Amino acid sequence: MDLTGKHIVLGLTGGIACYKAAELCRALIKQGATVQVVMTEAAAQFITPVTMQALSNRPVFDSQWDARERNNMPHINLSREADAILIAPCSADFMAKLLHGRADDLLSLMCLARPIDIVPLIVAPAMNREMWSHPATQRNLKQLREDGTHVLGVGNGDQACGETGDGRMLEPEELLQDVIAFFQPKLLAGHKVVVTAGPTFEAIDPVRGITNLSSGKMGFAIARAAQEAGAEVTLVAGPVAQATPRGVARVDVRSALNMRSALMEIANDATIFIATAAVADWRPATAADQKLKKDGSGTTPQLEFVENPDILAEVASSARAVDGALFCVGFAAESHDLLAHASAKRLRKKVPLLVGNIGPATFGQDDNALLLVDAEGATELPRNNKLQLARQLVAEIAKRLHSH
Ligand code: CTP
């Protein structure tokens, strides 16, 4: 679980988005966190402390005068034990309060009294679009960031007031992803990463083509892990049914030639290229403009193939890659003799790091095992789910960037 061992103080302030805080509380706990809920008086107008107590399995705190704590200082005790204080929803009024260092209720008092270098403050703003775009709110937002607060984004869409625009709170699942990402070490901060993922589809005619069983899961997990590690990530994806990881830019492509042209532009200012795509080695020499029809004679179409360009080898031999400005990582999907094939492929493609895996044992699965081959030798990453492996791989790449 991604939040095992983390203790989160979940603060609720007044806003209709309080209804989403219930779901968020459950989601945090499901990922292994313990959650202590603190509510303002206004928040209790929108959702009851009873609901939040039941979901968090802990009494809710809502007053600085709460006598349950032996020393009568809930603002000190609650903030000292937290790994983070997460305010969701954070109203416009509460943002203004935080900004001025006001402390006239338990939650604001606790935020002010927290050890600022040890307990991070994360806020998820929630408000009407006019309130959100008001210069006062935007000014406060900027200052909050400068004060070291981690301000999450807002959603766009229909608002409870009937208006449409920016300012609604992110969905619980989005907030969960952002909190998980927040806790990941920022090993790739400042890096621009491009990842290829999925199969390619090579057309035979307008309705048919050849492709392979790659699901794109590993590439999508790597894109997510790189984003969590602080990189700016672009994912060039073949035809797959995977949700785009939060904060990742996605370019959808179909054929190997499409993938190559999309990539060449993006790779120009990337610092890391990770090629997980199962690019088709061959494509039909000509794609028919019209659907091929049976003529009733029983004769079958004769397909001729031409070889697709090797995108990884091409990028890896570009000037930026050769100079070391672009670190290239290849993948190898093999069926046997993994070490020998992966080592040979690394030399053939001229990449500093090649990641081998057994194709039939991983395509479409949620877990995988990786064998990392570089100039020094081989390192095994034992079977694990693809996101955990992706995070380990990101750490291995970060390690090699410094020694490269
Ligand atoms: N790759 C690529 N362009 C291609 C073929 C492969 O960029 N036309 C990349 C893949 O994304 C992967 C690596 O090269 O990172 C190796 O892919 P793989 O299919 O295992 O190797 P091939 O080069 O196709 O070699 P072989 O089929 O002989 O195993």
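# Exercises on a predicted protein model

The protein exposes about 19,500 Å², of which carbon and sulfur atoms supply 51%. The model is predicted, and the exercises below proceed from the whole chain to single residues.

## Exercise 1. The overall fold

Task: Describe the secondary structure, dimensions, burial and charge of the protein.

Solution. 
1. Secondary structure comprises 15 helices and 19 strands.
2. Along the principal axes, the C-alpha atoms fill a box of roughly 85 × 55 × 40 Å.
3. The chain has 404 residues, and 49% of them are buried.
4. Considering contacts between residues at least 6 apart in sequence, 67% join residues at least 24 apart.
5. There are 40 positive and 45 negative side chains, and the centres of these two sets lie 2 Å apart.

## Exercise 2. Helix 1

Task: Determine how the span of helix 1 relates to the expected value, and which elements cover its buried residues.

Solution. 
1. Helix 1 runs over residues 18–30 and has 13 residues.
2. From first to last C-alpha, helix 1 reaches 19 Å, close to the 18 Å expected at 1.5 Å a residue.
3. Its buried residues are Cys18, Lys20, Ala21, Ala22, Leu24, Cys25, Ala27 and Leu28.
4. An α-helix has 3.6 residues a turn, so residues three or four places apart point the same way.
5. The cover over the buried residues of helix 1 includes strand 1 (7–12), strand 2 (34–39), helix 2 (49–56), strand 3, strand 7 (164–168) and helix 8 (172–183).
6. After the helix comes Gly32, with a positive phi near 100 degrees.

## Exercise 3. Helix 4

Task: Identify the buried residues of helix 4 and the elements against which they pack.

Solution. 
1. Within helix 4 (residues 92–100), Ala92, Phe94, Met95, Lys97, Leu98 and Leu99 are buried.

## Exercise 4. Two individual residues

Task: Decide whether Gly157 is buried or exposed, and do likewise for Lys345.

Solution. 
1. Gly157 lies in strand 6 (residues 155–158).
2. The relative accessible area of Gly157 is 12%, and burial requires under 20%, so Gly157 is buried.
3. Not counting residues up to four places away in sequence, Gly157 touches Glu163, Thr164, Gly165 and Arg168.
4. Arg129 is 28 residues from Gly157 along the chain, and their C-alpha atoms are separated by 9.6 Å.
5. Lys345 belongs to helix 13 (residues 338–349).
6. Lys345 has 16% relative accessibility, and therefore it counts as buried under the 20% cut-off.
7. With residues up to four places away in sequence left out, Lys345 touches Phe331, Ala332, Ala333, Glu334 and Leu354.
8. The C-alpha atoms of Lys345 and Ala332 are separated by 7.4 Å, at 13 residues apart along the chain.

How values were computed. Residues numbered from 1 in each chain as written. Predicted model: local features only at pLDDT ≥ 70, side-chain atom pairs only at ≥ 80, totals over all residues. Heavy atoms only, no water. Helix = DSSP H or I, 4+ residues; strand = E, 2+ residues; numbered from the N terminus. Buried < 20%, exposed > 50% of the residue type's maximum accessible area, 1.4 Å probe, protein only. Contact = heavy atoms within 4.5 Å. Areas by Shrake-Rupley, 256 points an atom, 1.4 Å probe, with all protein chains shown as cover. Lys, Arg positive; Asp, Glu negative; His and termini not counted. Charge placed at Lys NZ, Arg CZ, Asp CG, Glu CD. Expected span 1.5 Å × (residues − 1).
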